[in-house]
Amino acid sequence: MSKKQTSSVRDANFSINETFGGRLLKEEDEVFNYNAWDHVEWDAEHLTMAEKRIAEQKENPVANKEEYMENPNQYWDRFYEKNEGNFFMNRRWIAQEFPDLLQLVQPDIGRKVLLEVGCGAGNTIWPILAENKNKELKVYPVDYSKKAIDVVYQNPLYDPNHCHASVWDLAGPTLPEGLSENSADAITLIFCFSALSPDQWDQAVDNLYRVLKPGGVIFFRDYGRLDLTQLRAKKNRYLDENFYIRGDGTRVYYLENDEIQKIFGSKFEICQNGVDKRLIVNRKKKVKMYRCWLQAKFVKR
């Protein structure tokens, strides 16, 4: 099967019977013929298993919840101190999922400002900068972890003519260093929002709204409810409803499309609120693994 050239994301209310292209599993006995399938609906067996797993997780919650709620940045610092830039691969799929981003890197388009929130080791910005032909593009990679920003600065691809990296708390009281209200043309929010606790959502959305220009776009992708990683969470990882800590102490919340609407809909026009449900297959061990990511685009009115 040839490599895909388009996104697998579909509207959250799509029918699995519609024809979309991609890797569609039409016959169950073909499931182990390939490594992955798109748009696979969860069957009753999977949903029953998921309900059982989450019930077990609730019976064995985190022992000291306050430890992870009061100072979460210490765990992200440890993560990047240990892994530096080696944990994540560069997100070369970013232009496939969000082709609109390529408008920022076109020659002679003029000054454009991209804010990358939760930049980590910079795995989203490096593929964008690799495509850049705009001499006036400025990218602001920001992260809650100082160690992550140190990793970004140390990358040989870091160019101060096009980058200004800094520490920023998305749910804090200030805007990112070097940016003012209505100054960003676009914001990328990739596997970042899920690290916030629900009581931080309102402040985070307010900050995003303030820094984005009218007509500017937020490009969003994050973990969806009942993703494989949620169901695999071990004992003493459950913080709260759909909110967990990983083995390294970092936090992750698993979202639903309805929540996306509630969280962002009061301030932004939601142009996309999609879901990417995928079945990953271990053909050797005959194991099926269900993944779920949410993808969205928000425009400042």
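**Exercise 1. Is Asn182 buried, partly exposed or exposed, and what is its relative accessible area?**

*Solution.* Keep in mind that this is a predicted model. Start by locating the residue: Asn182 sits in the loop that links strand E5 (166-167) to strand E6 (184-190). Next, look at the backbone: its phi is near 60°, a positive value in a residue other than glycine. Finally, take the relative accessible area of Asn182, which is 38%. Buried would need under 20% and exposed over 50%, so Asn182 is partly exposed.

**Exercise 2. Describe how helix H7 (residues 201-211) meets helix H9 (residues 257-264).**

*Solution.* Begin with the geometry: the two axes come within 10 Å and cross at roughly 60°. H7 and H9 are therefore oblique to each other. Then list the residues that make the contact: H7 supplies Trp201, Val205 and Leu208, while H9 supplies Glu259, Ile263 and Phe264. Sorting these residues by type gives five nonpolar, no polar and one charged.

**Exercise 3. Which residues of H9 are buried, and what covers them?**

*Solution.* First pick out the buried residues of H9: Asn257, Glu259, Ile260, Ile263 and Phe264. They cover an arc of only 150° around the axis, so they lie on the same side of H9. Now turn to the other side of H9, where Asp258 and Lys262 are exposed. The cover over the buried residues of H9 includes helix H7, along with strands E6, E7 (212-223), E10, E11 (268-282) and E12.

**Exercise 4. Place Lys297 in the fold and trace its surroundings.**

*Solution.* Lys297 is part of strand E12 (residues 287-300). Setting aside neighbours within four places in sequence, its contacts include Phe98, Val217, Ile218, Phe219, Glu269 and Cys271. Asp100 is also in contact with Lys297, and a polar contact of 2.8 Å joins the side chains of these two residues.

How values were computed. Residues numbered from 1 in each chain as written. Predicted model: local features only at pLDDT ≥ 70, side-chain atom pairs only at ≥ 80, totals over all residues. Heavy atoms only, no water. Axes fitted to C-alpha atoms, helices over the stretch in contact; angles between N-to-C directions. Helix = DSSP H or I, 4+ residues; strand = E, 2+ residues; numbered from the N terminus. Parallel < 35°, antiparallel > 145°, perpendicular 65-115°, else oblique. Contact = heavy atoms within 4.5 Å. Nonpolar A, V, L, I, M, F, W, Y, C, P; charged D, E, K, R; others polar. Buried < 20%, exposed > 50% of the residue type's maximum accessible area, 1.4 Å probe, protein only. Polar contact = N/O pair within 3.5 Å; in protein donor to acceptor, adjacent residues only side chain to side chain. Arc of directions from axis to C-beta.
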